[in-house]
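Visitor: Please take me through the labels attached to this entry, and set each value against its cut-off.

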Amino acid sequence: MGTLRLEHVSKEYVTEGISVPALRDINLEFQAGEYVALVGRSGCGKSTLLNLAGAMDFPTSGIVWLDGVSTSTLNDAALTRVRREKVGFIFQSFQLLPTLSAIENVELPLMLAGRARSRETAKERLRWVEMEAYEDRMPYQLSGGQMQRVAIARALANSPSILLADEPTGNLDSATSEVILALLSRIAEDTGTTVLMATHSLEATGKADTVVRMQDGRVESACSSCPIV
Ligand SMILES: Nc1ncnc2c1ncn2[C@@H]1O[C@H](COP(=O)(O)OP(=O)(O)OP(=O)(O)O)[C@@H](O)[C@H]1O
Ligand SMILES: [Mg+2]
């Protein structure tokens, strides 16, 4: 059983009585430590798939299995725990809390989970992303690449099973993007976290173990060593 499996997953959004199919019969399975790039045109369903994978939303039909548990069967308390402890999210816009320092941003999810020695763990996570020298900086005192590294440290705070990244290099220059992509690759390899990244960047697909191409809510192809075109 992989850390993440989507079995006949479909998702429809209903707006003003009109149904919009966003995902259609998706079947995918990812293993621990797999680094996956999700590509396809705007509107093909990448962010929808990430939200379902992170139990932020649920399929209209089909099953999302996260560490062997169907997300649709979880009650509110279990969902909160799963979102906090099994899933890390990073975004194009970093979304650090502006009034907290770098280390406080990383420490917050540890405190919410009631972890002992949260400050030490937060420091360790900042070391993983080579940001320990910046722990007392406020987000506005950091560059975009530095903010994204802190956001990655925060997403990894509680050692999640999966790290979901929605266009994580969308606001970064190409040299900084390289650093972030290499970091995500190393995280998957070293910590066994499954990394699922939606991206429009060709560079990003180059480092991935698996490239999933989507079109119009469907998986067009999913392969581990496809030539990059
Ligand atoms: N909350 C929502 N309500 C209604 N429709 C939605 C909602 N979220 C997404 N959609 C629709 O679902 C489809 C898939 O959207 P999604 O955001 O997953 O695409 P995407 O691949 O992430 O696109 P992009 O590359 O632009 O981020 C689109 O047609 C979109 O308009
Ligand atoms: Mg999107």
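**Labels and their cut-offs**

Visitor: Why is D67 called partly exposed?

Guide: D67 has a relative accessible area of 31%. Buried means under 20% relative accessible area, exposed over 50%, and partly exposed in between, with a 1.4 Å probe and protein chains only. The value for D67 therefore falls in the partly exposed class.

Visitor: What kind of model do these values come from?

Guide: This is a predicted model, in which local features need pLDDT of at least 70 and side-chain atom pairs count only at pLDDT 80 or more, while totals for chains, interfaces and linings use all residues. Residues are numbered from 1 along each chain as its sequence is written, chains are lettered from A and ligands numbered from 1 in the order in which they are written, and side-chain values use heavy atoms, with hydrogens and water left out.

Visitor: Where is D67 found, and what is its phi?

Guide: D67 is in the loop between β4 and β5. Its phi is near 50°, a positive value in a residue other than glycine. Strands here are DSSP runs of E with at least two residues, and helices are runs of H or I with at least four, numbered from the N terminus.

Visitor: Is F94 buried or exposed?

Guide: F94 counts as buried, because its relative accessibility is 8%. F94 also has a positive phi, about 65°, although it is not a glycine, and it is found in the loop between β6 and α3.

Visitor: What makes T80 partly exposed?

Guide: T80 has 38% relative accessibility, so it counts as partly exposed. T80 lies in helix α2.

Visitor: Which residues of α2 are buried, and how do you know how they are placed around the axis?

Guide: In α2 (residues 76-85) the buried residues are A78, L79 and V82. They cover an arc of only 100° around the axis, which puts them on the same side of α2. The arc is taken from the directions from the helix axis to the C-beta atoms. D76 and A77, on the other side of α2, are exposed. The cover over the buried residues includes β4 (61-66) and β6 (87-91), where contact means heavy atoms within 4.5 Å.

Visitor: Why does T48 count as buried, and which residues does T48 touch?

Guide: T48 is at 10% relative accessibility and therefore counts as buried. T48 lies in helix α1 (residues 46-53). Leaving out residues up to four places away in sequence, T48 touches K11, Y13, A22 and L23.

Visitor: What else joins β8, and how many of its residues are buried?

Guide: Strand β3 (residues 35-39) runs parallel to β8 and is joined to it by four bridges; V36 has L196 as its bridge partner. Five of the five residues of β8 (194-198) are buried. T194, L196 and A198 point one way from β8, and V195 and M197 the other way.

Visitor: What makes β2 and β5 edge strands?

Guide: The open sheet of four strands has the order β2-β1-β4-β5, with antiparallel pairing. β2 (18-30) and β5 (69-70) each pair on one side only. β1 (residues 4-15) and β2 share nine bridges, and R5 is partnered with E29 in β2.

Visitor: What makes a space a pocket rather than a cavity?

Guide: On a 1 Å grid over the protein atoms alone, a cavity is a set of points where a 1.4 Å probe fits but cannot get out, whereas a pocket is an open set with protein on both sides within 12 Å along at least five of seven lines. Lining residues have an atom within 4 Å of a point. The largest pocket has 17 of them, with R83, V87, F89, P109 and R154 nearest its centre. Its space is about 490 Å³, where grid points are joined across faces, edges and corners and the volume is the space filled by probe spheres set on the points. At least two lining residues come from each of α2, β6, α3 (102-112) and α5 (144-155).

Note on methods. Pairing = 2+ DSSP bridges.
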